[in-house]
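Colleague: I'd like to learn how to read a few features in a structure like this. Could you take me through them?

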Amino acid sequence: MEQKETHKSGFIAVIGRPNVGKSTLVNTLIGQKIAIMSDKPQTTRNRILCILTEPDAQYIFLDTPGIHKPKHKLGEYMVKAAEGTLKEVDAILFVVDATEKMGVGERYILERLQATKKPVILVVNKIDLIERKQALPIIAGYTAVYSFAGVVPVSAKKEVNLDSLLDELRKYLPIGPQYYPKDMVTDQPERLIVAELVREKVLHLTRDEVPHAIAVETEEMTTRSNGDVYIRVTIYVERDSQKGIVIGAKGALLKEISTFARKDIEMMLGARVFLELWVKVKKDWRNRAGVLHHLGFGGDA
């Protein structure tokens with residue numbers, strides 16, 4: 001069946017300071033959990049492609065790492081991935097937190113947006129946490145320093161005003177084909193999503209000094225003859241003390257991580273999962289280019 005000439009499709013970068021709700025917004029829009037969420041900043045490390053298909057349009061979102069001042073090679077990779085995305089898209093969503101004032105991080109991003117000719121929509125997220133009248137001065141502050149193509153206040157968590165956001169975004173998508181099958185929601189392989197789901201649980205359950213020192217890799221993923229799936233995952237930390245924290249007293253915390261992660265993985269795969277977790281020390285991995293490349297962060301990070 002031929003597609004209508006009015007069908008629109010395009011790539012949209014979702015950018016913003018760490019922890020403003022970019023991943024929550026993307027997950028809510030596509031109706032499925034792909035990008036991991038945490039209250040820790042710099043949760044997203046890779047650029048994740050997420051797809052929303054509607055009868056008249058296909059939105060291809062690129063959920064990027066938060067743009068920040070990097071402190072190690074991993075941070076440099078993350079910022080490079082986020083900023084590189086701006087050159088490849090049809091439109092940009094700049095997500096800001098309604099509960100926080102414009103700061104150095106937002107100004108840093110706005111400076112970089114000055115170089116792009118792509119339409120930028122300001123998305124003021126978390127409006128459910130403020131009074132309605134408080135949104136106006138926030139919007140005025142941002143529109144005074146940048147000429148946005150549109151402004152949409154939303155609550156990704158409460159699913160407020162998301163249809164309006166899609167309507168606004170559709171204006172700036174070019175006429176084009178449906179690039180991906182309608183039931184496809186991401187280009188990420190299952191192994192990577194499994195690793196990210198495990199990392200999300202570690203972020204939720206460990207102390208503040210541990211999360212950024214953690215990397216997760218799916219070592220084995222096998223479907224057995226009865227349809228059950230066996231998965232072996234390694235959690236890397238930088239120091240022996242961090243290994244003890246992740247494992248917990250008598251292995252209690254690692255067991256808790258496994259239990260929560262397994263539930264999400266079973267929901268994604270639609271099968272019973274046997275999840276085996278290992279914790280290993282890989283000293284100073286965030287500053288070792290070879291290790292970063294092995295973990296999928298790019299050899300030139």
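This is a predicted model: local features need pLDDT of at least 70, side-chain atom pairs count only at pLDDT 80 or more; totals for chains, interfaces and linings use all residues.

Colleague: Okay, how many salt bridges does the structure hold?

Modeller: The general idea is that side chains of opposite charge can pair when their charged atoms come close. Here there are 15 salt bridges. Take K201 and D264, whose side chains meet at 2.8 Å, N to O. This pair ties together distant parts of the chain, with K201 in helix α6 (residues 190-205) and D264 in helix α8 (residues 252-269), 63 residues apart. Helices (H or I, at least four residues) and strands (E, at least two) are DSSP runs, numbered from the N terminus.

Colleague: Are K201 and D264 buried or exposed?

Modeller: Buried means under 20% relative accessible area, exposed over 50%, and partly exposed in between (1.4 Å probe, protein chains only). K201 is buried at 11%, and D264 is buried at 19%.

Colleague: Which residue does R170 meet in a salt bridge?

Modeller: R170 pairs with D167 at 3.0 Å, N to O. They sit three residues apart in helix α5 (residues 162-170), so about one helical turn separates them. R170 is buried, with a relative accessible area of 19%, whereas D167 is partly exposed at 43%.

Colleague: And what about R262?

Modeller: R262 forms a salt bridge with E266 (3.6 Å, N to O). Both lie in helix α8, four residues apart, about one turn of the helix. R262 is partly exposed, at 27% relative accessibility. Elsewhere, salt bridges with shared partners join E54, D56, D167 and R170 into one network.

Colleague: Now helix packing. At what angle do α7 and α8 pack?

Modeller: Two packed helices are described by the angle between their axes and the distance between the axes. Axes are lines fitted to C-alpha atoms, for helices over the stretch in contact, and angles run from 0 to 180 degrees between N-to-C directions. Helix α7 (residues 240-247) packs on α8 at about 60°, with the axes 5 Å apart. Angles under 35 degrees count as roughly parallel, over 145 as roughly antiparallel, 65 to 115 as roughly perpendicular and the rest as oblique, so α7 and α8 are oblique to each other.

Colleague: Which residues meet there?

Modeller: Contact means heavy atoms within 4.5 Å. I245, V246 and I247 in α7 meet A252, L253, L254 and I257 in α8.

Colleague: Last one: what is the strand order in the open sheet?

Modeller: Two strands pair if DSSP finds at least two bridges between them. The three-strand open sheet runs β7-β8-β9, with mixed pairing. β7 (215-223) and β9 (273-281) stand at the edges with a single partner strand each, so one side of each has no neighbour in the sheet. The twist averages 15° from one strand to the next. β7 and β8 (residues 229-237) run antiparallel, joined by eight bridges, and V216 stands opposite I235 in β8.

Colleague: Where does α8 lie on those strands?

Modeller: α8 lies across β7, β8 and β9, at about 135° to β9. α7 lies across β8 and β9, running at about 155° to β9.

Definitions and conventions:
Residues are numbered from 1 along each chain as its sequence is written. Side-chain values use heavy atoms; hydrogens and water are left out. A salt bridge is a side-chain nitrogen of Lys or Arg within 4 Å of a carboxyl oxygen of Asp or Glu.
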